[in-house]
Amino acid sequence: MSITLDEVRHVARLARLELDEAELLAFQGELNSLLGRCQELQSIDVGELSPRTHAVALTNVLADDTPTQGLDQSLALRGAAVTRAGLFVVPTIIEE
Amino acid sequence: MTGWTARETAAALRRREVSAVEVAEFFLDRIQRLDLQIGAFLAVSREWALQQAELAQKTIDDGSAGPLSGIPVALKDNLTTREIPTTCGSRILEGHRPVYDAHVVERLAQAGAVILGKTNLDEFAMGGSTESSAYGVTRNPWDTDRSPGGSSGGSAAAVAAGFCPVALGSDTGGSVRQPAALCGVVGFKPTYGRVSRRGLVAFASSLDQVGMFGRTVEDAAFLAEAVSGHDPGDSTSIPFEPVSLEPVPLKGVRLGFPKQLRDSAIDPDVARVVDAALASLRKEGASVVEIDLPSIELGVSTYYVIAPAEASSNLARYDGIRFGPRVDGDGHVGTVASTRGKLFGHEVKMRMILGTYVLSAGYYDAYYHRALQVRGMMAAEFEKVFQEVDWVVSPTSPRTAFRLGEFADDPLALKAMDLCTVPANLGGFPSLSLPCGASDGLPVGLLLTGPAMSDGRLLGTAHSIESALGPFPAPDLG
């Protein structure tokens, strides 16, 4: 099984990565070699083993319901590329 | 002072043989003089360091000093700091000033440590050579034509070069232990959850753990004790007391060497050095037996499905809107894709595409779900083995430090070198690398991995091993 250039293009779009053709080709080669190696996982008999998502099984971790000071507005905005009137400026999402 | 351990420095400070400002100035000057040839640091803040040192000296003078008061520390640049930028070695966070300090940074401040600056890393900690940083490579202090390993190569090189006695890094698949091995220092990855990840910029959240570098096991333990313990701000933080070294005599210690690693890609010279070290531990009363860990060879494949999957989700937050620079494109999606496409480096983009692929419809079960099942299988094998032996031992890295650029055309070969280190992350086990000899003048690391929550005994055993093997030298940088 190998991944096609169109699949790489599709997945890059899903991952919101704008790539040029040369990059797409490079990634296709690298992905095929890495996924080729990962094929070995297919041949393992895992039976009914349940998936292990976490290293340490802590459950129902809840914080106490005590109010704490949140982030100051100016601090929250300090790293943003574009701000206006105390807000993040985003590119237009809904066109007229 | 270069040769002083953190513990010795702390003792000298308490005895007033030296002041915290003198200590900070000594290391800052050494970095300024010698880091041009190494490239360990991305940022050094003399002003902030001296402020912290003055504060530390006051606490030493008035008797309220913390355990690390006046001890210089370097931080991998994926640990957030309000005072100085945190870039993760990426252009997408160029100049970024986080809005909060990482939990470990708060803990270091409480303990009185003096943060000298931020160290280089593979971009977003994805890599094993520190070559994928957007801000240049770091060189190995033992041979500047070679890599220090990675991804915490800056922190490992800084400690090896005597730029600071101790440093923090992060370990997702071996990123503390492998560079520690390649640079001839001690690298410790605690049990998952024993150190808070709040403020450790997320790469693969179920695998990431903050780790410690020191020239001795005691120093790594000294740092671990100061930054570990429960943090309600990280829901995966284990409600347990801080890590503390528990003395373990070598006599009667049972070490298990996985037989699967005997015929694998371990360089014969590395294997010889490790075998010689194990032989001298036998003389001290430890036993070394061969153990069976059939899944260990699947670790790399399992890791390179799970880690990119988690990364593709974690790194979705970098969109050029709330922080970091923005590259305008067509509309909202175009701007986000353009920002990410232009500002992430090659390795990060590759892993995000891979992660998105293995999580996408039609491939989820074949790759991601299956990798999680193999993860459980491997962890169970380790847990079973820990009933027969105290520690699993192996070389940390199949090879000593490699030449810069050596893996440029074969990235998979570099990834395959994570063989010995990834199981500890997949199982959440504590694991430590310490120098055990040299091959052609380059350090070789011995890796010990133990059951979850055995951190104190692991450090104690490693300390006894270090005493048995004798002190490891430091490279000569002048």
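Let me start with B:R262, which is partly exposed at a relative accessible area of 38%. On that scale, buried is under 20% relative accessible area, exposed is over 50%, and partly exposed is what falls in between, with a 1.4 Å probe and protein chains only. B:E290 sits in strand β8 (residues 287–291) of chain B and B:R262 in the loop between β7 and α8 (268–283), so the pair ties together parts 28 residues apart in sequence. Helices (H or I, at least four residues) and strands (E, at least two) are DSSP runs, numbered from the N terminus.

A word on the model: it is predicted, so local features need pLDDT of at least 70 and side-chain atom pairs count only at pLDDT 80 or more, while totals for chains, interfaces and linings use all residues. Residues are numbered from 1 along each chain as its sequence is written, chains are lettered from A and ligands numbered from 1 in the order in which they are written, and side-chain values use heavy atoms, with hydrogens and water left out.

Back to the charges. How many salt bridges does a search of the whole structure find over all chains? The search gives 24. One of them is between B:K349 and A:E23, at 2.6 Å, N to O. B:K349 belongs to helix α11 (residues 346–359) of chain B and A:E23 to helix α2 (residues 21–38) of chain A, so this pair joins two chains. Both B:K349 and A:E23 are buried.

Within chain B, B:D231 and B:R198 form a salt bridge, with the closest N and O atoms 3.0 Å apart. B:D231 is in the loop between α7 (217–227) and β7 (254–258), and B:R198 in the loop between β5 (186–189) and β6 (209–214), so parts 33 residues apart in sequence are tied together. B:D231 is buried at 3%, whereas B:R198 is partly exposed at 23%.

Now, helix α11 of chain B again. Helix α1 (residues 5–14) of chain A packs with α11(B) at an angle of about 95 degrees, their axes 9 Å apart. Axes are lines fitted to C-alpha atoms, for helices over the stretch in contact, and angles run from 0 to 180 degrees between N-to-C directions. Which residues make the contact? From α1(A) they are A:V11, A:A12 and A:L14, and from α11(B) they are B:I353, B:T356 and B:Y357; contact means heavy atoms within 4.5 Å.

On to the rings. There are 15 aromatic pairs over all chains, where rings of Phe, Tyr and Trp (its six-membered ring) pair if their centres lie within 6.5 Å, and planes under 30 degrees apart are stacked, over 60 edge-to-face and the rest tilted. B:F124 and B:F344 are edge-to-face, at 5.9 Å centre to centre and 65 degrees between the planes. B:F124 lies in the loop between β3 (114–119) and α5 (153–160) and B:F344 in the loop between α10 (331–343) and α11, so the pair ties together parts 220 residues apart in sequence. Both phenylalanines, B:F124 and B:F344, are buried, and together with B:Y318 and B:F323 they form one aromatic cluster.

Conventions:
A salt bridge is a side-chain nitrogen of Lys or Arg within 4 Å of a carboxyl oxygen of Asp or Glu.
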